[in-house]
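Welcome, and thanks for taking a look at this one. Below is a short briefing to read alongside the sequence and the model.

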Amino acid sequence: MLGTILSLIVIPIIIIIYVWVLYNARVLAFGVYYSRRKGKAEESSSKAFKPNDIPSFSIIVPVKDEETVIGRLLDAALKINYPRDKLEVIIVEDGSGDRTIDICKRYAEKHPGFIKFFHRESSGGKPSALNYGLKVAKGEIFAFFDADNVPPPDILQKVVKYFMDPRVAAVQGRTMTINADENMLTKFISYEEAVWCEAYLRGKDVLDLFVHLRGSCQFIRRSVLEKLGGFSEDALSEDMELSVRLTRENYCIKYASDVYAWQESPSSIKQLFRQRVRWFRGTIEVALKYGKLATKLNRKTLDVEITLFGPFILIFSLLMYFSASFIFFAPPALQPAWLILTQVSVMLTTVLMLICGLALVFISKPLRARNLLWLPFIYFYWSLQGIIALYAVLLTVFRRPKKWLKTKKKGIVKNFNPCLSVQ
């Protein structure tokens, strides 16, 4: 009897995971294929604005306690190749306690009219700082970067081509790790970023599915953002929340592989844990907030729901791992059910590892089969993400206070990963 009850619980979970894995395997496959075959063709076919018609940009950067990296970003912004009368940099300082204010003031004084500095005495979190920036910015297109980003000089020349299409409301560029060689964790995160952007987001873009913004290296039309009322200030994942609202209102978000910026990845498990708890809890809250999209399903809204279900898949997989290990202690009557659970969990884990490993192999430039050696670490990393997602769910269930915790940046540059660089 207990075995039957257990099966009724386990089988639906297995089906959900299978469907989720197979669905996203298709997305990854399309992303890898177009990454290898179509990338340059897509870039070369982009139209260009006439010199007199190019839109103006406002680069908005929220900062707090970023003394180690903000100067690097501002130096990169000064090198951006775009008409100065069509470009401004808005720095919104959000209650820093280090030398960030002094550094920003120095740049603003040296480059008046181009770099504009705004100081807020008390911190209201990133979404609040972003909304403040929207009020003072003048550009037709808003570009958002985190303080640790390093965009190349031609970034706006490339992204402006995507806005030639009036249907495009927002563009998400590719983010790459600037400290990939700092340690094993940052190396793996650099690979994760490559798979996420070049396989997953590219696949969604090719299939005309839900392309979500990632909070940095993202570009949005002013008119659209004003119509939507800016960023939600109570959201821990303001980028995901805005992405869902854009999709709900039938706006188009494009992924642009040739538009990219370097950024610093967490270099310790503690930093990674803090960052991903915020991401997962924010995603879970967005999933609960926009569950009504499931009542108006189409291809994109279905993909929204599947995307937002990601943290729960991580938790289901983690629980399956724990449950499968219980087979050695289970009563004989329960062991057949536990045995099925063990076999399925091993199969799903293997499938996920192979998908991620193969995606990494094929998006690497040049193609590197040795990246398959990272497969065992993918298994560990997946389990760690499951633990973080479970913790985020518990924080949500028990209604623990929401805190917008920033990831501490050290300003370390440890080789731009050459096998994943844009060519």
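In which sense do strand S4 (residues 141-144) and S6 pair, and over how many bridges? S4 and S6 pair in the antiparallel sense, over 4 bridges. Two strands pair here if DSSP finds at least two bridges between them.

This is a predicted model, so local features need pLDDT of at least 70, side-chain atom pairs count only at pLDDT 80 or more, and totals for chains, interfaces and linings use all residues. Residues are numbered from 1 along each chain as its sequence is written, and side-chain values use heavy atoms, with hydrogens and water left out.

**The chain overall**

- The secondary structure comes to 14 helices and 7 strands; helices (H or I, at least four residues) and strands (E, at least two) are DSSP runs numbered from the N terminus.
- Of the 423 residues in the chain, 57% are buried; buried means under 20% relative accessible area, exposed over 50% and partly exposed in between, with a 1.4 Å probe and protein chains only.
- Among contacts in the chain with a separation of 6 or more, 83% come from residues 24 or more positions apart, where contact means heavy atoms within 4.5 Å.

**The sheet**

- An open sheet is formed by 7 strands in the order S3-S2-S1-S4-S6-S5-S7, with mixed pairing.
- Strand S3 (115-120) and strand S7 (252-263) stand at the edges with a single partner strand each, so one side of each has no neighbour in the sheet.
- On average, neighbouring strands of this sheet are turned by 20° against each other, direction ignored; axes are lines fitted to C-alpha atoms, for helices over the stretch in contact, and angles between N-to-C directions run from 0 to 180 degrees.
- H3 lies across S1, strand S2 (87-94) and S3, and runs at about 170° to S2.
- H6 also packs on the sheet, where it touches S1, S2, S5, S6 and S7, and its direction makes about 175° with that of S7.

**Helix packing**

- Two packed helices are described by the angle between their axes and the distance between the axes.
- Helix H3 (residues 70-78) and helix H4 (residues 100-110) have axes that come within 10 Å and cross at roughly 20°.
- H3 and H4 are therefore roughly parallel to each other, a label for angles under 35 degrees, with over 145 roughly antiparallel, 65 to 115 roughly perpendicular and the rest oblique.
- Ile70, Gly71, Leu74, Asp75 and Leu78 in H3 meet Ile103, Cys104 and Tyr107 in H4.
- The residues of the H3 contact with H4 divide into 6 nonpolar, 1 polar and 1 charged; Ala, Val, Leu, Ile, Met, Phe, Trp, Tyr, Cys and Pro count as nonpolar, Asp, Glu, Lys and Arg as charged, and the others, Gly among them, as polar.
- Helix H7 (residues 184-206) and helix H10 (residues 269-289) pack at about 35°, with axes 11 Å apart, and their crossing is right-handed.
- Leu185, Ile189 and Glu192 of H7 make that contact with Ile269, Leu272 and Arg276 of H10, giving 4 nonpolar, no polar and 2 charged residues.

**Individual residues to look at**

- Most residues other than glycine have a negative phi.
- Asp65 has a positive phi of about 55° although it is not a glycine; Asp65 is found in the loop between strand S1 (57-63) and H3 and is partly exposed at 31% relative accessibility.
- Asp208 has a positive phi of about 60°, lies in the loop between H7 and S6 and is partly exposed at 37%.
- Pro152, in the loop between S4 and helix H6 (155-162), is buried with a relative accessible area of 12%.
- Ser317 lies in helix H12 (residues 310-325) and is buried at 4% relative accessibility.

Methods
A crossing is left-handed if the near helix is turned anticlockwise from the far one by less than a right angle, and right-handed if clockwise.
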